[in-house]
Amino acid sequence: MSGVKGRPMPTTIRAEHVGSLLRPEELLAARAAHRRGALTDERLAELEDQAAAAAVKLQQDAGIQVFTDGEVRRDDFMASVVETVGGLAPAEESSACPRWIRGSDGAELEGDVASVAITEPLYRRTPLSLAEARWLSGNAPGPYKITMASPTMVAGFWRPGISDDVYPTRQDAVAALADIHRQDIADLVDGGVSWLQLDSLAYWANIDPEAARMRRVTDLEGHLSHIIDTDNGLIRSARARRADMTVAMHFCRGNMRSAWSAQGGYEPIAERVFDEVEVDRFLLEYDTERSGGFEPLRFVPPAKTVVLGLVSSKVAELESVDTLRRRIDEASQYLPLEQLALSPQCGFASTSQGNVLTVDDQRRKLELVAETARLVWG
């Protein structure tokens, strides 16, 4: 893949972060006031721009090489669906589609992300990602990326007895959202976006038997084929509009208030996913033993980069440079060093409440990523 003028080739980007950064307390208070009707749209937008500028400066000062706006305009990482797609309504949790999160000790915790269900045909509203892209195009000091939840994530909003009158199956709902995402991507690319990252939790079921049970997935091979085909459809639509588009995919095992939802290594999906999913970069969680070993990296083809998520965004404890270099060296036994990069394992604020770290903790983590990348790759 050829590079875009003025933008480094994807494999030369060694220090990255997944996307979200801790929201300033002032912004969280402003968003709450806006929901109450006590703050205007215009004032909220001003504060969001200020928070985005601070997020970009943080990344630049730390040495991160590809920028986001910190996702400060979003309530959570699913905002590309929940806040910008119509046809959803609040719903009670259902035993037919449960969700759960786990703390560091593995105990189940209560979630605090709003539960929604598909109640009408999905339709496109003003995409939040377009506002992010417009701002970044004029304010990012280097290459920037737009993150977007994979349309396979909408499967969790399909509820038996609620959604099946609209879409007979989960797959039908996913297809409807994928159509909307294709329109969003077309507008993003036409507006100058050259780097897109899909965030997906849908692969959980194929790496964690408990996740498969909780999500009622029985045909694992069919499930895997469906999500690969869906993601590839979006990737191809982006490249049809811009051949030199950089496309990445982040695999997540859950990330809310420093908690997690799934565990298991990549081995069950590695041979198919690393070969078949048509991205340039895989951002892989590797911060704890829950993610397994590096052996599955042997299936990554030569043209793709793996961004090792070795730095935890969940805990304040700072990893050592020596430990990170040792782990990168271990990974390079299965994939050449030239195909590797470094990042935190997930965002710092997949939900607006953020993980249990301070702003200083976050800064030190980003600086550690950049420092280690310089030492390893130069």
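Me: Why is Glu267 called partly exposed?

Reply: Glu267 has a relative accessible area of 37%. Buried means under 20% relative accessible area and exposed over 50%, with partly exposed in between (1.4 Å probe, protein chains only). The value for Glu267 therefore counts as partly exposed. The model is predicted: local features need pLDDT of at least 70 and side-chain atom pairs pLDDT 80 or more, while totals for chains, interfaces and linings use all residues. Residues are numbered from 1 along each chain as its sequence is written, and side-chain values use heavy atoms, without hydrogens and water.

Me: What makes the pair Arg298 and Glu267 a salt bridge?

Reply: The closest N and O atoms of Arg298 and Glu267 are 2.7 Å apart. A salt bridge is a side-chain nitrogen of Lys or Arg within 4 Å of a carboxyl oxygen of Asp or Glu, so the pair qualifies. Arg298 lies in the loop between strand 8 and strand 9 (305-311) and Glu267 in helix 8 (residues 267-276), 31 residues apart, so that distant parts of the chain are linked. Helices (H or I, at least four residues) and strands (E, at least two) are DSSP runs, numbered from the N terminus. Arg298 is partly exposed, at 43% relative accessibility.

Me: How do you know that Arg363 and Asp360 are about one helical turn apart?

Reply: Both belong to helix 10 (residues 359-377) and are three residues apart, which means a separation of about one helical turn. Arg363, at 29% relative accessibility, counts as partly exposed, and Asp360 is partly exposed at 41%.

Me: Why is helix 7 called roughly parallel to helix 8?

Reply: The axes of helix 7 (residues 220-241) and helix 8 cross at roughly 15 degrees and come within 11 Å. Axes are lines fitted to C-alpha atoms, for helices over the stretch in contact, and angles run from 0 to 180 degrees between N-to-C directions. Angles under 35 degrees count as roughly parallel, over 145 as roughly antiparallel, 65 to 115 as roughly perpendicular and the rest as oblique. Helix 7 is therefore roughly parallel to helix 8.

Me: Which residues of helix 7 and helix 8 meet?

Reply: Contact means heavy atoms within 4.5 Å. In helix 7, Glu221, Leu224, Ser225, Ile228 and Asn232 take part, and in helix 8 their partners are Ile269, Arg272, Val273 and Glu276.
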